[in-house]
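Here are some notes to read beside the model. Keep the structure open and find each residue as you go.

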2 protein chains.
Amino acid sequence: MTMAVEKAGETPSAVIDRISLVLDSFDGPGRLTLAQIVRRTGLPRSSAHRMLERLVALRWLRREGRDYELGMRLVELGSLALHQDRIHRAAIPLLRDLHRATGLVVHLAVLDGSDVVYLEKIGDHMGGAIPTRVGGRQPAHCTAVGKAILADNHITEVDLTDRKTRFSIATTPQLVAELAKIRAHGVAFEREESLPGFGCVAAPIGPAGHAVAAVSVCGPMNRMAFDNRLVAPVRMTAMGIWRSAEDGADRVAPTLQSLRPLRVGPAPRPMGRDSASLQPA
Amino acid sequence: MTMAVEKAGETPSAVIDRISLVLDSFDGPGRLTLAQIVRRTGLPRSSAHRMLERLVALRWLRREGRDYELGMRLVELGSLALHQDRIHRAAIPLLRDLHRATGLVVHLAVLDGSDVVYLEKIGDHMGGAIPTRVGGRQPAHCTAVGKAILADNHITEVDLTDRKTRFSIATTPQLVAELAKIRAHGVAFEREESLPGFGCVAAPIGPAGHAVAAVSVCGPMNRMAFDNRLVAPVRMTAMGIWRSAEDGADRVAPTLQSLRPLRVGPAPRPMGRDSASLQPA
């Protein structure tokens, strides 16, 4: 993509878009040289260089020799975004219980366009076999969590072009039928639709008809039971998370001592509650 | 802090700083109204509003009614930053082994100014008792990981004002003596200096004299052994992580047998980012 950019008089929105463009260019192999960033973003070299150096100063990027990488400030902001999310905060203890009770890999995800974004993943060695990660994406229609959210919200207009396996949903009629079945059962099954050899059971989280997230258990097909042995715990977890998120609205994790708030740039330190938002790993 | 901002002709750097200021303002209670953001940043209301709406469109922020929150794009970027980090990538399997072998909470951290930032935390129920999280900070001199990195790099100029407990290091001479001891032992002990009732053992990761990170095990004081039972596994893990990060390899021999002289400087890029970089939670 190429963009013509003027140096003076540009609007803040244009600058924001350019920053976004620059950061997006790192969504690939990681380290990039100035030349590579210029090529990927279409920004003028000198303007890109000034922006990169400013982003390095703010720790949004890191420079090592001639290479730029995403920086620690993004890790901090991402972590903060995650831990300020009230669904995520409410879910953590229940997700861990679900993992302990089933021995399967547990995911929490939200819908974003035609994709799901994972907010949490809990699993021991088996987790390594499933190529998902917190902050990662999958096409919603290929996953149990995605189908659960789509079904509950009656969303059928999604991009079906990206299929993960030969079992992935491929057509809108197929999707419509599948979502109807999911609404009837209150739970979504996924059988090797995202990863050969693996299956999932998911339930939507949120007020009926307006699910805001979903929880699932995933494992090798031979360890999955597509019946009440998994359906009941998954649905109970989904209901428990929503109840806890609604109750807790603002104060969910009063358990632990305070973590020092993140140190930031020039803003005055807000006092506070955020110190209670913890990662119980 | 108050900032006077002009609408036209401002430099991209000034805009970047304002975005940073806006995002930093969320480093507190989380949800903020426009009025609160204006108060915290000192930006003019209309300019702040335009910026916020642009950030919402890019999913850096999320708006719910009148409240703004940090958005999913930050979770994605933060996750990407973490998983593109070669130390983090190399460390994951070894951190899990260390957790399994010791039963203690395992941390991976880097130094940032006078703080450490946690890149990973692995621990089961005990993890919940320790108020750290990925992307969170602690004053370096209060933690074993921080002291290990400071010692190896001979850094003694840090901000000692923030003490976490009455056992935290309080003066520069105290710090200097402690760091010398750590260099002599190759390992850092922390006894209730960050959290009452808990202790840690940490080792630096990186070429001698230029540690770039550190790994630690933490647990209740009565479960900690400040001797070779923990020192050996922690040091071996640190060495294994660095060797693996240098190789850029995905598979690691978790013993000292194949240790070869450390090479200083940037390693060649490991191939194959995302689908291969797993979060084994």
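1. Start with a term. Two residues are in contact when heavy atoms lie within 4.5 Å. Keep in mind that this is a predicted model.

2. Which residues does Ala48(B) touch, leaving aside its neighbours within four places in sequence? They are Leu34(B), Val38(B) and Leu43(B). Look at Val38(B) again.

3. Now place Ala48(B). This residue belongs to helix H3 of chain B, which covers residues 45-57. Is Ala48(B) buried or exposed? The relative accessible area is 0%, so Ala48(B) is buried. The cut-off for buried is under 20%.

4. Next, the sheet in chain B. Three strands make an open sheet, in the order S1-S3-S2. Their pairing is antiparallel. Strands S1 (32-33) and S2 of chain B are at the edges. Each has a single partner strand, so one side of each has no neighbour in the sheet.

5. Zoom in on S1(B) and S3(B). Strand S3 of chain B spans residues 67-70, and two bridges join S1(B) to it. The two strands run antiparallel. Thr33(B) has Asp67(B) in S3(B) as its bridge partner. Helix H3(B) packs on this sheet and touches S2 and S3 of chain B. The direction of H3(B) makes about 105° with that of S2(B).

6. Turn to the aromatic rings. How many aromatic pairs does the structure hold over all chains? There are three. Take Trp60(A) and Trp60(B). Their ring centres are 5.7 Å apart and their planes stand at 40°, so this pair is tilted. Planes under 30 degrees apart would count as stacked, and over 60 as edge-to-face.

7. Where do these two Trp residues sit? Trp60(A) is in the loop between helix H3 (45-57) and strand S2 (61-64) of chain A, and Trp60(B) is in the loop between H3 and strand S2 (61-64) of chain B, so the pair joins two chains. Both Trp60(A) and Trp60(B) are buried.

8. Compare Phe189(A) and Phe226(A). Their ring centres lie 5.4 Å apart with planes at 75°, so the pair is edge-to-face. This pair links distant parts of the chain, 37 residues apart. Phe189(A) is in strand S7 (residues 188-191) of chain A. Phe226(A) is in the loop between strand S9 (213-220) and helix H8 (228-248) of chain A.

9. Finally, check what sits over Phe226(A). The charged end of Arg191(A) is over the ring, 4.4 Å from its centre. In chain B, the charged end of Arg191(B) sits over the ring of Phe226(B), 4.4 Å from its centre.

Notes. Residues are numbered from 1 along each chain as its sequence is written. Chains are lettered from A and ligands numbered from 1 in the order in which they are written. This is a predicted model: local features need pLDDT of at least 70, side-chain atom pairs count only at pLDDT 80 or more; totals for chains, interfaces and linings use all residues. Side-chain values use heavy atoms; hydrogens and water are left out. Helices (H or I, at least four residues) and strands (E, at least two) are DSSP runs, numbered from the N terminus. Buried means under 20% relative accessible area, exposed over 50%, partly exposed in between (1.4 Å probe, protein chains only). Rings of Phe, Tyr and Trp (its six-membered ring) pair if their centres lie within 6.5 Å; planes under 30 degrees apart count as stacked, over 60 as edge-to-face and the rest as tilted. A charge sits over a ring if NZ of Lys or CZ of Arg is within 6 Å of the ring centre and within 35 degrees of the ring normal. Two strands pair if DSSP finds at least two bridges between them. Axes are lines fitted to C-alpha atoms, for helices over the stretch in contact, and angles run from 0 to 180 degrees between N-to-C directions.
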